[in-house]
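Here is a short tour of an assembly of chains, moving from a single chain to the places where the copies meet. Have the sequence and the model open side by side as you read.

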Protein chains: 6
Amino acid sequence: MSSLSHFDESGASRMVDVGAKPETERIARASAVVRMEPATLTLIRDKRMSKGDVLEIARIAGIMGAKKTPDLIPLCHPLALTSVKILFSFPTEDSVRIEAIAKVFARTGVEMEALTAVTVAALTVYDMCKAVDRAMVIESVRLEEKEGGKSGHFIRDPETSPN
Amino acid sequence: MSSLSHFDESGASRMVDVGAKPETERIARASAVVRMEPATLTLIRDKRMSKGDVLEIARIAGIMGAKKTPDLIPLCHPLALTSVKILFSFPTEDSVRIEAIAKVFARTGVEMEALTAVTVAALTVYDMCKAVDRAMVIESVRLEEKEGGKSGHFIRDPETSPN
Amino acid sequence: MSSLSHFDESGASRMVDVGAKPETERIARASAVVRMEPATLTLIRDKRMSKGDVLEIARIAGIMGAKKTPDLIPLCHPLALTSVKILFSFPTEDSVRIEAIAKVFARTGVEMEALTAVTVAALTVYDMCKAVDRAMVIESVRLEEKEGGKSGHFIRDPETSPN
Amino acid sequence: MSSLSHFDESGASRMVDVGAKPETERIARASAVVRMEPATLTLIRDKRMSKGDVLEIARIAGIMGAKKTPDLIPLCHPLALTSVKILFSFPTEDSVRIEAIAKVFARTGVEMEALTAVTVAALTVYDMCKAVDRAMVIESVRLEEKEGGKSGHFIRDPETSPN
Amino acid sequence: MSSLSHFDESGASRMVDVGAKPETERIARASAVVRMEPATLTLIRDKRMSKGDVLEIARIAGIMGAKKTPDLIPLCHPLALTSVKILFSFPTEDSVRIEAIAKVFARTGVEMEALTAVTVAALTVYDMCKAVDRAMVIESVRLEEKEGGKSGHFIRDPETSPN
Amino acid sequence: MSSLSHFDESGASRMVDVGAKPETERIARASAVVRMEPATLTLIRDKRMSKGDVLEIARIAGIMGAKKTPDLIPLCHPLALTSVKILFSFPTEDSVRIEAIAKVFARTGVEMEALTAVTVAALTVYDMCKAVDRAMVIESVRLEEKEGGKSGHFIRDPETSPN
């Protein structure tokens, strides 16, 4: 197993020098699942019942959160994101799945931006619904795919991954 | 099931008016688990091997993240936090558990601050270790306990909770 | 005419000392109007046509903007807002009126928070619709009402005000 | 009338993908007018009377505000601005006109940065003078000119524009 | 020598719990000196020569910087500052002295806010003048006085202090 | 002596237009010294005694601070930093020396980013240790070296520099 690039020889943390890397298009896709009571999901999906659009607010929060990644994650590089998209789906009757796709034309990848987007969106869903379902759980925040850069194309393997 | 307090009668979202509530001490405790390869956990725990202290950096990120909660979660009130603590434990050979305790003396609770703290700490662990273990997953971000305020004392029930 | 309290005797700018004032509830109400082509307004109001909800996104931006007021306005005090609400109406076939109400329990007022809320909401409407109507104009950003604090209750007089 | 590019086919908001656009120089010019009592304008213009320089503080706030545009406007791309300038003029005895010119070398335009600059500068003028003239109004925030990018050169037409 | 309160028994860093402390008025005064070529100082002091007001811009930056203290210093508590003032003096022909006074009514002190204010003001002086005097040095950033809170009144002793 | 580029002909401050400059690699190195009681330094260096790692926290704060430079320094351009490193050394028994190296591939230099990094790191050392040594002083914040850009290679001359 190789060592952690965020530490130098002496153990000092650092923002890794990416100056020698070429600028290429980088794409990352991440996901999160919010598990909740079926009644909570019904409330979210039926905008007449909830009176407002929880997921649209979560989406805006996630997109804005992606832009805050370098403020939140200490050793992340500031990046001029070219695109952020967030999609919602309902794999079961008691869960919302959030997927974010982030893109940039840069010297380093956008995994953290995609992961931050889904996480902030998921926290916002929690915040909007906590008054009716305090026990909601954000499950399985993970990178799904990554493209661009010398580490090549990564797609999560649903079989061998522990999750 | 009651309705969502973040929407008014007409469906407009709002920062809920807490002006009439008394200032009391509010405490919230949240947790997250980061699942990883056992070799990654060994690397994190053996600072000679990793050369640096991943968890201390994640802790700082989590504490700073808690302070950014009102910037991230659209309808959260700005709060003058009086305390944030973050603890790490290793429940299995392939996971780090992160727990945050946030306190405030305010008119509203600090659940979102505690949840944001564990989430940002978990994302930072991911960022620091992603070069050696891209498939890590943040699992089970959830509120553990909440005290203060009229909704009373909440402690997660490990039996009845879906997670 | 009295002098500007943001400058001291020597002309130096300062964050005015409000430490001796009592904490009281402060309320401010501000408004803005965005003038546009009637077809643009139709697009905004008919969510099937626009496919999304421009005003809900503007509302979220305005509420988050209110929280950023001390970051934007150099001499504003940081305040722990207790409430922010944003309302939209359509006084004519070519305009959206935005009204924000901000509240706080503090030693100074929240006019700037209410004004920042309507301004950021208006800029967001512009951003969302600029591809179809570049010539939109934000008109008449102004304080409507202010309560709490020793300067007493202010309500804009539609007759004598120059606007 | 074309549709709103900030929504996708399903109505989801998004940060529009600009990755395929070429990097070119983009310029935008925006303006705002702050209407006030003539005595307030006299106070602003006569620095001996006001004891300090309201407009210089507003200028700094506007330049810093331009840098915060992606934090404020939900779907704006983060941009590495190459220039921001803010100019003041006095078209009448009761108004200050604020003009901002923003530039960038990027894949998308800087209208929102120029508009945010004039808006934050105008709000700062209001804040500095509100103790003597609470009824001031920010009027007519608008894009004046835009260059660069495939939509071509836009200059506001004073005749046909509704404002 | 007592231990560092920012670490707990196990060595974990934390935002110290100040919830049990009473809210009292806290004041802190800090200073910094920027050493430069005498010609640079002449340029700063003669606004006709410099064409603009370097120190007023530095002052605004320092006041805004004080408000950003909890974003910058990891374990600082967010505080609702009630006052920030910044003063300049010219103790020698080659130096500007910057002094900041910060106040708050809170459960913890404002030393870091006062120190951040002078530091950001000093960095801004450097930025404004670096094109003509790259070798400027910020010297002697230090706490001058502190009042309020159980640690009592601190005034720097010019004799026994190492600086 | 040339004039200050941050002011235009009329004395208005501005973010200088760097759009016509080529993108090149820019490097800056800055340093700061924190003077303290020898016992405080012993406490910092002996992590068993302090129970935690003051300097690692200061390093993270400094790196994150570098990313906040355009938020802090009014006329700085936003830059996509490609690298930030912070090193500590102990030139005497009562001082910590902090050195930061910042890099970017951009149209303007990174002096302010390197200076902000060392300054925020130094303030964090102060914050962590102030309970045991309130009289600590941050001394000698200065640019050490600068490379890239038309102004050429600058290395501080220890002989002729006033510090």
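Predicted model: local features only at pLDDT ≥ 70, side-chain atom pairs only at ≥ 80, totals over all residues.

Helices (H or I, at least four residues) and strands (E, at least two) are taken as DSSP runs and numbered from the N terminus. Residues are numbered from 1 along each chain as its sequence is written, while chains are lettered from A and ligands numbered from 1 in the order in which they are written.

**One chain**

Chain A has five helices and five strands. Read from the N terminus, its elements follow the order β-α-α-α-α-β-β-α-β-β. Along the principal axes, the C-alpha atoms of chain A fill a box of roughly 55 × 35 × 30 Å. A residue is called buried if 20 or more other C-beta atoms lie within 10 Å of its own, exposed if 12 or fewer do, and partly exposed in between, with C-beta atoms placed from the backbone. By that rule, 61% of the 163 residues of chain A are buried. Two residues are in contact if their C-beta atoms, placed from the backbone, lie within 7 Å. Among the contacts in chain A with a separation of 6 or more, 68% are between residues 24 or more positions apart.

**Some local features**

Let us return to D:K146. Is this residue buried or exposed? D:K146 is buried, because 23 other C-beta atoms lie within 10 Å. Leaving aside neighbours within four places in sequence, D:K146 is in contact with D:A28, D:G109, D:E111 and D:F154. D:R26 is 120 residues away from D:K146 in sequence, yet their C-alpha atoms are 7.5 Å apart in space.

Helix α5 of chain D covers residues 111-129. The expected span of a helix is 1.5 Å times one less than its number of residues. For the 19 residues of α5(D) this gives 27 Å, and the end C-alpha atoms are 27 Å apart, which agrees. The helix is mostly covered, with 19 of its 19 residues buried.

In chain B, a hairpin joins β2(B) to β3(B) through two residues. Strands are said to pair if DSSP finds at least two bridges between them. Strand β2 (residues 83-92) and strand β3 (residues 95-106) of chain B pair in the antiparallel sense over eight bridges. Within this pairing, B:F88 stands opposite B:I98 in β3(B).

**How the copies are related**

Two copies of a chain are related by a rotation about an axis and a shift along it. Here the copies are superposed by least squares on the C-alpha atoms of residues with pLDDT of at least 70 in both.

| Copies | RMSD | Turn | Shift along the axis |
|---|---|---|---|
| Chain D on chain E | 0.0 Å | 180° | 0.0 Å |
| Chain C on chain D | 0.0 Å | 180° | 0.0 Å |

For chain D and chain E, a turn of 180° with a shift of 0.0 Å is the relation of a two-fold axis. Which residue of chain D comes closest to that rotation axis? That residue is D:I57, at 3.7 Å (C-alpha).

**Where the copies meet**

In the interface of chain C with chain D, 57 residues of chain C are in contact with 55 residues of chain D. The largest share of the chain C side, twelve residues, comes from α5(C). Counting Ala, Val, Leu, Ile, Met, Phe, Trp, Tyr, Cys and Pro as nonpolar, Asp, Glu, Lys and Arg as charged, and the others, Gly among them, as polar, this side divides into 30 nonpolar, 15 polar and twelve charged residues. Of the interface residues of chain C, 96% are also interface residues in chain D, so the copies meet through the same surface. Strands take part as well: four bridges join β4(C) to strand β4 (residues 137-147) of chain D, and the two run antiparallel. The bridge partner of C:V137 in β4(D) is D:R142.

The contact between chain D and chain E takes four residues from each chain. On the chain D side these are two nonpolar, no polar and two charged residues. Chain B and chain D do not touch, and their nearest C-alpha atoms are 9 Å apart.
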